[in-house]
Amino acid sequence: MNRTTLSLIAAATALAAVTGFATLSAPDPAARDTAEAAARLPVERTSLLCPAPSTSDLAETVYTSFTPVTKGAGSGGTAELRAATEQAGPGTGDGKGEGEDATDTGTDAEKDAEDAGKDATADEPVLEPKEPGKPVTGETTGGEAPALVGTAEGRFAPGWTVQQTTTVAAGTGRGMQGVTCAAPDTEFWFPGASTGAGRTDYVHLTNPDDSAAVVDIELYGKDGVLKTVVGEGITVQPHSAEPVLLSTLTDEKQTDVTVHVVVRSGRVGAAVQALDDALGGDWLAASADPAGSLVVPGIPKDATAVRLVAFTPGDADADLKVRLASPSGPITPAGSETLHVKGGMTTAVDLGDVTRGEAGSLILTPTDGPVPVVAAVRVLRGKGDSQESAFIPAARPVGTRATSVGNTAKGTTLSVTAPGGTAEITVTASAGTGGGTPASRTYTIKSGTTQNIEAPVPNGVKGTYALTIEPGSGTPVYASRTLTATENGVPAFTVQALPDDRGRVAVPEAEEDLSVLQR
């Protein structure tokens, strides 16, 4: 092994251990085998981004943070969630494209007041965890709450998870809106957005770094790409957030739109806030990366309407077999056995009350050769004027461990599916934010089924608590968590998929002593 190769391995290993976001690709089978056998070490630093929660004066937002106790993690470190220091103004996506005039039209007095408010908000963390294994909360009220940037180091980094849950008593988007604060990235897919009548959808972009990020937003409808007027070269300033209203990007009104966010330079956090005049609103998190087969986990059993939206990025069409993994096994929805998705076009199908009072997850598989697709569902609960909507994207598997925070004994449903084989999982409930002791239970999820499990509740719990899911075998499992509450007679709810919490990263062992590289 030559010195150049050693240098590359050392650099990649150091990056993986520090950030938890790096991956190593092997050019040959022998190297791949080595990577698979690599040690999985706790990450030492991680970042999370929470979008600005709401512009409603009636909004009340709770942030809940939790780091699981992770074997092998260090003894030091800190974590905190703070406001992004330079918040963009609300609303119409006027982050300036490349070469555009970025002159602020506000008065000097308005700018001074804004700056003073930002400084005051940024001085104090919204929350600051004290130790792993115990969740903590922070709160904001009204429509001025900013986007937040979180950083965790040392023992607080492995698996750090933050949930943002907002309740809005009335108006467009009323109900419960929940999102898991996510790590920054460079590409996102959001099938299920809309520019149609009655919908007000924003793409929230948050830049955690010291340099500006440049972002393109592409929109795809039922006939292909939608012409956009200012979707290219959107600049997100350092340590700032930019909400981009989709209806300002295009004149075309379409019920089902796929949003593709591509970062030309830098990195951002991205999420779609989908607000409906009549059906409430929620956050639409990014779909799992395009793949031939997808899983949409944990559709509520009392869903009154489910709409599946899919998109394939390439030119090739995709033909998908649609199955519902129910508590008793796979079921094919009558009349929706397959879905044809034309290349570069957004396709949607109404599945009605497909779960029919039972737990369920959608399993999408190719009928022939696999073609990469992304997908999500919009779910309605309630009837008539008392309906609310939420979104569930296609999810990544639980992996080594998944973490859910902000749970309550009566308002939480944990849904787990094992589409490829029987799996055993261990679910642990943490102490509560106000006290209590952890509790664990083990469950068996039969192949091809979805189970709404009766998750453990901490002994003597006070406040909300976290749940961790740890599979006991190599069989992939997928999971989601549903929070429910009744707000003015409306069945408010929000659903978050539960992928791997990024607590560990694979670090290959060096074949030779690399200390010479430190000279």
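A disulfide here is a pair of cysteine sulfur atoms within 2.5 Å. In general terms, a disulfide is a covalent bond between the sulfur atoms of two cysteines. The model I am showing is predicted, and it holds one disulfide.

Which cysteines form the disulfide? They are C50 and C181, with sulfur atoms 2.0 Å apart. Distant parts of the chain are linked by this pair, since the two cysteines are 131 residues apart. C50 sits in strand β2, and C181 sits in the loop between β9 (175-180) and β10 (187-193). The link between C50 and C181 is right-handed, with 110° about the S-S bond.

Next, burial of the two cysteines. The cut-off for buried is under 20% relative accessible area. C50 has a relative accessible area of 1%, so C50 is buried. C181 is at 4% relative accessibility, so C181 counts as buried too.

Now to S54. Strand β2 covers 45-50, β3 covers 59-66, and S54 lies in the loop between them. Is S54 buried or exposed? Its relative accessibility is 10%, so S54 counts as buried.

What does S54 touch? Setting aside neighbours within four places in sequence, S54 is in contact with A59, G142, G143, T166, V168 and Q273. There is also a polar atom of the S54 side chain to mention: the backbone nitrogen of S56 lies 3.0 Å from that atom.

To recap, C50 in strand β2 is joined to C181 in the loop between β9 and β10, and S54 is in the loop between β2 and β3.

Technical notes:
Residues numbered from 1 in each chain as written. Predicted model: local features only at pLDDT ≥ 70, side-chain atom pairs only at ≥ 80, totals over all residues. Heavy atoms only, no water. Helix = DSSP H or I, 4+ residues; strand = E, 2+ residues; numbered from the N terminus. Buried < 20%, exposed > 50% of the residue type's maximum accessible area, 1.4 Å probe, protein only. Polar contact = N/O pair within 3.5 Å; in protein donor to acceptor, adjacent residues only side chain to side chain. Contact = heavy atoms within 4.5 Å.
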